[in-house]
Amino acid sequence: MSQAQTEFKRVAEANVTLPCHHRLHLLEPASLDIEWLLKNSEAKPKVVITYAGGNIYHDMIEEQKGRVSFASNFLTGDASLEISLLQPSDSGQYTCKVKNAGQYEWTHITLKVLEKPSKPKCWKEGEASQGKEITLQCNSVSGTAPIMYTWQRVDAKGKLEPLPPLTHLNISNPAQIIMKNLTWMFTGSYQCTASNEAGEDNCAIHVTVQHPPNVGIIAGAICGVMGVSSLVVLAVWLTIKRKEKHKYEEETPNEIREDAEAPKARLYGQSPPIRIKEENPFRLKKGHVAPVISAEYLTERDLLRSNSPLPSALAACMKRLLGQECL
């Protein structure tokens, strides 16, 4: 007699009991024979545990040593199999075969050991600068397929929230999201969750959008530095020239060329009149005021070189540049 096949799903590292109930123990107990078989990826089934001739034989499979046993009193009709600390290699089709006095009973059970995704790894590709494009990726190296990937944003308080606009999910690779035309709004933390039937795990990554340097500010700073440098050079040059000029004036004597034109005398339109106290060759009466001679038309040299007779007092006054009163 055979029972319908049953499927069990368990998470790795958990324990499981595969049921096997029979009625053949009511026959001759001495001839009771129980055997558990496993058929997985290999073509030929392997014996997991057996009872025959009053003895139990277990640890038949190397990978299951110390982890398999009868879960109850198989002599009373319960030949269930217990497997502890399940591993993915325990997955497969199990068959419980009970034989006694020429009669057989079979129980078929499919065991699927689920392995939750391993701790995923998060990383980014591309340049995280304003206006650029980056890709965030997430991957678990192990876990029972299918593994689902979900990206979410994490706020400052650790609360999950939707992704910002202009974030696209790669349909062909759900573990990848693409952020286009980056702005400061994309700066923040992002979490990727890898999940399957067995459980989930996650990783996080922080994105900081960098602002490109301002070309105008850099150019202004360069021009400013160059301008200050130019002013310093100009100031040093002017100082050197001033010193050279001063030194030249000190070393060069004051020479007057004989053929050089004499400088014009000052205007004496505002000078007081010259009074003549001695006999005037122009027949001016004593006490009269002589007319003022304008330096605009007559210079001191002209007066001294003139052949016209001048009074001695007037000549002396001319030598004093026509600016003093003559007595």
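I began with the turn between E4 and E5, a hairpin with two residues between its strands, where Gly 53 has a positive phi of about 60°. I am reading a predicted model, in which local features need pLDDT of at least 70 and side-chain atom pairs count only at pLDDT 80 or more, while totals for chains, interfaces and linings use all residues. Residues are numbered from 1 along each chain as its sequence is written, and side-chain values use heavy atoms, with hydrogens and water left out.

For my own use I noted that strands (E, at least two residues) are DSSP runs numbered from the N terminus, and that two strands pair if DSSP finds at least two bridges between them.

Next I looked up the pairing on either side of E4. Strand E5 (residues 55-57) runs antiparallel to E4 and is joined to E4 by three bridges, and in E5 the bridge partner of Tyr 51 is Ile 56. Strand E3 (residues 33-39) is also antiparallel to strand E4 (residues 46-52), with five bridges between them, and here Ile 34 stands opposite Tyr 51. E3 and E4 form a hairpin as well, with six residues between them.

I then turned to an open sheet of four strands, whose order is E13-E12-E16-E17 with antiparallel pairing. Its edge strands, each pairing on one side only, are E13 (160-161) and E17 (199-207). Nine bridges join E16 (residues 188-196) to E17, and Ser 195 stands opposite Glu 200 in E17.

Last I went through the disulfides (pairs of cysteine sulfur atoms within 2.5 Å), of which the structure holds three. Cys 20 is joined to Cys 96 with an S to S distance of 2.0 Å. Cys 20 lies in the loop between strand E2 (16-18) and E3, and Cys 96 in strand E8 (residues 92-100), so the pair ties together parts that are 76 residues apart in sequence. The torsion about their S-S bond is about -70°, so this disulfide is left-handed. Both cysteines are buried, meaning under 20% relative accessible area with a 1.4 Å probe and protein chains only.

The sulfur atoms of Cys 122 and Cys 203 are 1.8 Å apart, and the pair links strand E10 (residues 121-126) to strand E17, 81 residues apart. Their torsion of about 75° is why I noted this disulfide as right-handed. Cys 122 counts as buried at 15% relative accessibility, and Cys 203 is buried at 8%.

Cys 138 and Cys 192 form a disulfide with S to S 2.1 Å, linking strand E11 (residues 134-139) to strand E16.

How values were computed. Buried < 20%, exposed > 50% of the residue type's maximum accessible area, 1.4 Å probe, protein only.
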